[in-house]
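Please read the notes alongside the coordinates.

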Amino acid sequence: MEFLTKTDEQSVKEYINELISDCLQLHIFAKAETLQALDEKNQAGVMSFYLEYGDEPQYQLLRMLGFYNEINPQAQKDMLVKIYGLVDVAKIYVNKIKAQSPEDRRIRGSAEYLYLDGSSPKEIVSEMIETGVLDEYDDQKKLLFNMHLSRINSYVQNFPSFKIIEEMKQQDDWDTLDLGAIEELEKKDKQLRSILVMREDLH
C-alpha cells in the first residue's frame, strides 16, 4: 500500500490496477482487527458498505476508480487530477494508520461494525467500557465518557441512519460484492473475497 506516483512507463490502466490493490491492502490493514472476527459473508457486506459510505481515502479512491472507464476521455482527465490529489491524501493516511496501535485500529473498526449492527454511539461507548476496550468511568469522570462518545461519533458521523442500513441488509447484494467496474479490474489480479480472507496480509 505504497500509493506510488504514476511513472511514465505505466499506462493509466496499469496505474489504476496498482491503486486498487493499494486501496484494498489499506482496507485490510486498517480494519484487520475487526475483519478477523467476521465471517466471509459479513466481510463482504461490510466492504460493500465502506465502498458506499466510507470517508477514508481508500474508499474515496475506489469509488472514483470504479467509474473511471465509464466516463468520456475529457472527464477522465479531470478525474485523474482528483485521483492524484487523493493519492497524496492516502499516503499521509497510511503513515497515520501505521503510527496507530492495533488497539486503536480495533476500536474504530469495532465501533463501525457495532453501529452497522444497530448500536447507537452511546451504546457503543457503554459496551466498550463494559468489555474493557475503553477506560472505565464513574460519576466523577463524565468528561471521559463524553470524550469517548466524541471519538465514536467522529467515526460514524457520515454513516446513514439505522433505517437505511436495515434496508440495505434486506437487499440481496449485502452479502455479495457488487463492485461494478472495480470488481472487473480487480479480477485480473486477485479476487476481492480472496484478499479479504488472506490471513497473512492481516498483520
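The secondary structure of the chain comes to 10 helices and 0 strands, where helices (H or I, at least four residues) and strands (E, at least two) are DSSP runs numbered from the N terminus. This is a predicted model, in which local features need pLDDT of at least 70 and side-chain atom pairs count only at pLDDT 80 or more, while totals for chains, interfaces and linings use all residues. Residues are numbered from 1 along each chain as its sequence is written, and side-chain values use heavy atoms, with hydrogens and water left out.

**Overall organisation**

- From the N terminus on, the order of elements is α-α-α-α-α-α-α-α-α-α.
- The chain has 203 residues, of which 43% count as buried; buried means under 20% relative accessible area, exposed over 50%, and partly exposed in between (1.4 Å probe, protein chains only).
- Among contacts (heavy atoms within 4.5 Å) between residues at least 6 apart in sequence, 67% join residues at least 24 apart.

**Confidence**

- The mean pLDDT of the chain, the predictor's confidence in each residue from 0 to 100, is 80, and 80% of the residues reach 70 or more.
- Confidence is highest in helix α4 (residues 73–99), at a mean of 94, and lowest in helix α10 (residues 192–196), at 42.
- Residues 176–182 have pLDDT below 50, and this stretch makes 18 contacts in the model beyond near neighbours in sequence.
- The pLDDT is also below 50 over residues 188–203, a stretch with 32 contacts beyond near neighbours in sequence.
- Where pLDDT is low, the predicted coordinates should not be read in detail.

**Packing of α1 with α3**

- Helix α1 (residues 12–35) and helix α3 (residues 57–67) pack at an angle of about 150°, with axes 9 Å apart; axes are lines fitted to C-alpha atoms, for helices over the stretch in contact, and angles run from 0 to 180 degrees between N-to-C directions.
- The two helices are therefore roughly antiparallel, given that angles under 35 degrees count as roughly parallel, over 145 as roughly antiparallel, 65 to 115 as roughly perpendicular and the rest as oblique.
- The α1–α3 crossing is left-handed, meaning that the near helix is turned anticlockwise from the far one by less than a right angle, whereas clockwise would be right-handed.
- On the α1 side, the contact includes Ile16, Leu19, Cys23 and Lys31, and on the α3 side it includes Tyr59, Leu62 and Leu65.
- The residues of this contact divide into 11 nonpolar, 2 polar and 1 charged, where Ala, Val, Leu, Ile, Met, Phe, Trp, Tyr, Cys and Pro count as nonpolar, Asp, Glu, Lys and Arg as charged, and the others, Gly among them, as polar.

**Packing of α3 with α4**

- Helices α3 and α4 pack at an angle of about 155°, and their axes are 9 Å apart.
- That angle makes α3 roughly antiparallel to α4.
- The crossing of α3 and α4 is left-handed.
- Residues of α3 including Pro57, Gln60, Met64 and Phe67 meet residues of α4 including Met79, Lys82, Leu86 and Tyr93.
- The contact of α3 with α4 comprises 12 nonpolar, 2 polar and 1 charged residues.

**Individual residues**

- His148 lies in helix α7 (residues 142–156) and is buried, with a relative accessible area of 9%.
- Leaving aside neighbours within four places in sequence, His148 is in contact with Val125, Ile129, Leu134 and Asp135.
- Phe3, in the segment before α1, is buried, with a relative accessible area of 0%.
- Phi of Phe3 is near 50°, a positive value in a residue other than glycine.
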